[in-house]
Amino acid sequence: PLWPWAATDSSLADAGPPSLRWRRAPPPPDPYGALGAGPSAGAAELRRRYRRLVRTYHPDRQSADAPAEAVEECVRKFIEIDQAWKILGHEETKKEYDLLRLEDDLRNLGPVDAQVYLEEMSWNEDDHSFSLSCRCGGKYRVSKDEAEEVTLISCDTCSLIVELLHRS
Ligand SMILES: [Zn+2]
């Protein structure tokens with residue numbers, strides 16, 4: 001069965017045919033969030049978080065006399081983690097999801113005003129960040145640490161964003 005532990009756990013079996021119900025569970029809106037990771041988390045970190053969460057929330061690990069709501073919540077969480085891992089645990093589906101999310105970000109954040117390379121931004125020694133003036137007078141700012149990962153930077157004043165291009 002899809003969930004080998006489900007068949008042996010009567011408290012869960014009572015909730016209905018689990019494999020049917022759970023297979024239809026929608027993917028979590030934010031699989032990174034489900035794993036407690038940031039959107040720039042790498043494969044190793046995601047795997048580490050997934051393993052820890054699965055250990056915590058696996059229904060087999062819950063005590064037999066736990067209240068029904070606690071079990072329900074734990075199962076919900078476990079499914080969410082599992083769904084998140086189905087997406088983020090494989091390079092191909094992760095890439096696909098990241099692309100979709102990027103497109104979503106673009107739509108949600110607002111118009112992309114420009115595409116820039118890091119070299120075109122000014123370096124600020126005082127707070128170790130790169131910045132670029134927005135035409136509204138505000139600033140696009142990205143820290144040195146974030147610059148490697150970040151692709152979209154929003155203006156600190158208006159809704160415009162720039163896309164940071166990375167030389168491969
Ligand atoms: Zn602006």
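**Group meeting: a walk through the cores**

Start at Tyr50. Leaving out residues up to four places away in sequence, Tyr50 touches Leu35, Ile81, Trp85 and Gly89. Touching here is a contact: two C-beta atoms, placed from the backbone, within 7 Å.

A caution. This is a predicted model, where local features need pLDDT of at least 70, side-chain atom pairs count only at pLDDT 80 or more, and totals for chains, interfaces and linings use all residues. Residues are numbered from 1 along each chain as its sequence is written.

Now the largest nonpolar core. It has 13 residues, and Tyr50 is among those with the most contacts inside it, as are Leu35 and Trp85. A core is a set of buried Ala, Val, Leu, Ile, Met, Phe, Trp, Tyr and Cys residues joined through C-beta atoms within 7 Å. Buried means 20 or more other C-beta atoms within 10 Å of a residue's own; exposed means 12 or fewer; partly exposed is in between. Helix 3 (31-34), helix 4 (43-57) and helix 5 (68-88) each give two or more residues. Helices (H or I, at least four residues) and strands (E, at least two) are DSSP runs, numbered from the N terminus. Which helix gives the largest share? Helix 5, with seven residues.

Another core lies apart, with 10 residues, including Cys134 and Ile153.

Next, strand 1, residues 112-117. None of its six residues is buried, so strand 1 lies largely in the open. Five bridges join it to strand 6 (residues 161-165), and the two run parallel. Val116 has Leu164 as its bridge partner there.

Last, confidence. pLDDT is the predictor's confidence in each residue, from 0 to 100. The chain averages 80. Over residues 1-27 it is below 50. Where pLDDT is low, the predicted coordinates should not be read in detail.

Methods
Two strands pair if DSSP finds at least two bridges between them.
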